[in-house]
Amino acid sequence: MDTLYAPVGALRQERVCADCGGRDFVEDHAAGDIVCKGCGLVAEAHIIDERSEWRTFGDKEKEGDDPSRVGGASNPFMNDGGLSTGIGKLPGAAGGQYNALLRLHNRQNVSDRAMQTASREVSATCERLRMTDAVRNSALETYKDVHDAKALKGRTLKAVYAACIFVAGKREGTPRTFKEICAVMPDVSKVDIGRCFTAIDRMYKKQLQWKAVQQGKDLAGAVALEGARPVATAGMATAATDLIKRFMSRLGVDTKVSLMAHRVGLRAAELAAAEAVPWASRDPATQACALIYGVLLINK
């Protein structure tokens with residue numbers, strides 16, 4: 001009885017039996033009926049069960065409860081959205097034929113396997129850098145563009161991942177320096193990231209130039225066509241002003257002082273763009289630290 005019937009939960013609206021006036025109902029899952037417990041009147045018939053089905057239909061179903069009935073979410077970076085049917089691997093001699101089919105299937109999905117590997121590496125790196133899911137998705141989007149265009153063929157994969165994360169961080173307003181990325185990816189050097197970033201920059205500029213030619217516009221007009229957040233990496237180099245707020249936040253400095261340092265950084269950037277100043281060629285992190293130190297001395 002307990003497996004077929006269950007009391008109607010509190011989420012359902014209050015019911016009153018039309019025959020006996022009772023308020024105690026049970027739900028018959030097999031028939032899809034709601035039945036009055038006092039007189040047996042069927043108050044509602046053939047209802048739809050909208051609850052989740054936490055069960056699987058695999059060979060290992062009897063080993064325990066596996067809440068994977070609903071499957072994974074759609075992955076926009078996969079060619080099939082990540083919703084295709086895969087071939088399982090069987091251990092021992094019984095899996096000979098199936099394992100051969102699995103190898104053949106994997107050979108035909110090289111692009112998807114590359115995106116799966118990139119997703120694992122980029123997600124782990126963004127987590128170590130404490131970057132948001134928006135940055136991770138943007139980095140994967142950049143990597144998919146690079147992979148489809150074969151712009152970085154032959155480059156070290158980890159350097160490509162690092163360059164995509166650098167571009168995504170800048171695009172989402174939470175940039176990281178090459179040094180910070182190398183700190184969590186010790187196998188990658190700043191030179192390798194810089195070369196990959198230059199190649200990505202060149203790839204996007206070519207795409208914009210081609211788009212500009214098709215629409216009869218110049219390169220600047222093509223950048224404007226992409227909206228407030230262009231896909232192109234033009235102007236993607238990290239500036240001191242991109243780092244000041246984050247550095248000030250880590251130091252626990254007051255918000256007013258942080259805003260003052262940011263304004264000073266904007267003014268310093270204007271001077272560097274207008275004329276040759278001593279700090280123009282310095283590392284952005286060095287410039288940011290110098291500006292913060294100067295503002296803290298003023299507000300001491």
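User: What share of the 300 residues in the protein chain is buried?
Analyst: Happy to start there. This is a predicted model, in which local features need pLDDT of at least 70 and side-chain atom pairs count only at pLDDT 80 or more, while totals for chains, interfaces and linings use all residues. Residues are numbered from 1 along each chain as its sequence is written, and side-chain values use heavy atoms, with hydrogens and water left out. With buried meaning under 20% relative accessible area, exposed over 50% and partly exposed in between (1.4 Å probe, protein chains only), the buried share of the protein chain is 32%.

User: How many helices and strands are there in the protein chain?
Analyst: Both are DSSP runs numbered from the N terminus, helices being H or I with at least four residues and strands E with at least two. From the N terminus on, the order is β-β-β-β-α-α-α-α-α-α-α-α-α-α. The count is 10 helices and 4 strands.

User: At roughly what angle do helix 3 and helix 6 cross?
Analyst: Axes are lines fitted to C-alpha atoms, for helices over the stretch in contact, and angles run from 0 to 180 degrees between N-to-C directions. The axes of helix 3 (residues 133-149) and helix 6 (residues 190-215) come within 11 Å. The two helices are therefore roughly perpendicular, as angles under 35 degrees count as roughly parallel, over 145 as roughly antiparallel, 65 to 115 as roughly perpendicular and the rest as oblique. The crossing angle is roughly 75 degrees.

User: Which residues of helix 6 meet helix 3?
Analyst: Contact here means heavy atoms within 4.5 Å. On the helix 3 side, the residues are Thr-142, Asp-145, Val-146 and Ala-149. Their partners in helix 6 are Ile-200, Met-203 and Tyr-204.

User: How many disulfides does a search of the whole structure find?
Analyst: A disulfide is a pair of cysteine sulfur atoms within 2.5 Å. The sulfur of Cys-20 has its closest cysteine sulfur in Cys-36, at 3.6 Å, which is too far for a bond. Cys-196 is in no disulfide either, as the nearest cysteine sulfur, that of Cys-164, is 8.3 Å away. The search finds 0.

User: Is Cys-196 buried or exposed?
Analyst: Its relative accessibility is 2%. For Cys-20, the relative accessible area is 41%, so Cys-20 is partly exposed. Cys-196 counts as buried.

User: What is the handedness of the crossing of helix 4 and helix 6?
Analyst: The axes of helix 4 (residues 157-171) and helix 6 come within 8 Å and cross at roughly 65 degrees. A crossing is left-handed if the near helix is turned anticlockwise from the far one by less than a right angle, and right-handed if clockwise. This one is right-handed.
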